[in-house]
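Please look over the sequence and the structure first.

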Amino acid sequence: MYISVPKEMWTERYGGPDMLVHKAERHWELMTYNQHPLQNDIYEMFNKFSHEHHAKKTEEEEAEAINFVEKINEVVKSKREELGLKDYQDLDLADLQDVFDEAMRELRGSPGSSSYVKT
């Protein structure tokens, strides 16, 4: 969908284009001086993303990741035994999603976790 400036901006209101220019200049000024309301939030989100995906993990984060993978493997093993699957048979995608959801629910429930969600 194409979003355009309302026609009233160009015809019925005096100084419509000037208002657009001044608003853009104000946003540019705020960004230039690192004062824009959204700018610090965007920096914080990007720094968190960069840390999670590119930075060297701390020992606690590595231990948490190992425990998470072990938990998933335990749940997958119990689910395979529950369903009576043989070695060459795989779990259904919905079952794997349930396993992941269960592990994430447990991870988000522990207060020391970086993924903790207060309920």
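The model is predicted, so local features need pLDDT of at least 70 and side-chain atom pairs count only at pLDDT 80 or more, while totals for chains, interfaces and linings use all residues. Residues are numbered from 1 along each chain as its sequence is written, and side-chain values use heavy atoms, with hydrogens and water left out.

The protein has five helices and zero strands, where helices (H or I, at least four residues) and strands (E, at least two) are DSSP runs numbered from the N terminus. Of its 119 residues, 17% are buried, meaning under 20% relative accessible area with a 1.4 Å probe and protein chains only.

The axes of α4 and α5, which are lines fitted to C-alpha atoms over the stretch in contact, with angles from 0 to 180 degrees between N-to-C directions, come within 10 Å and cross at roughly 140°. That angle makes α4 oblique to α5, since oblique covers what is left after under 35 degrees (roughly parallel), over 145 (roughly antiparallel) and 65 to 115 (roughly perpendicular).

| Helix | Residue range | Contact residues, including |
|---|---|---|
| α4 | residues 59-83 | Phe68, Ile72, Val75 and Leu83 |
| α5 | residues 93-109 | Leu96, Val99, Ala103 and Leu107 |

In α5, the buried residues are Asp95, Val99, Ala103, Met104 and Leu107, and these buried residues pack against α4.

Note on methods. Contact means heavy atoms within 4.5 Å. Buried means under 20% relative accessible area, exposed over 50%, partly exposed in between (1.4 Å probe, protein chains only).
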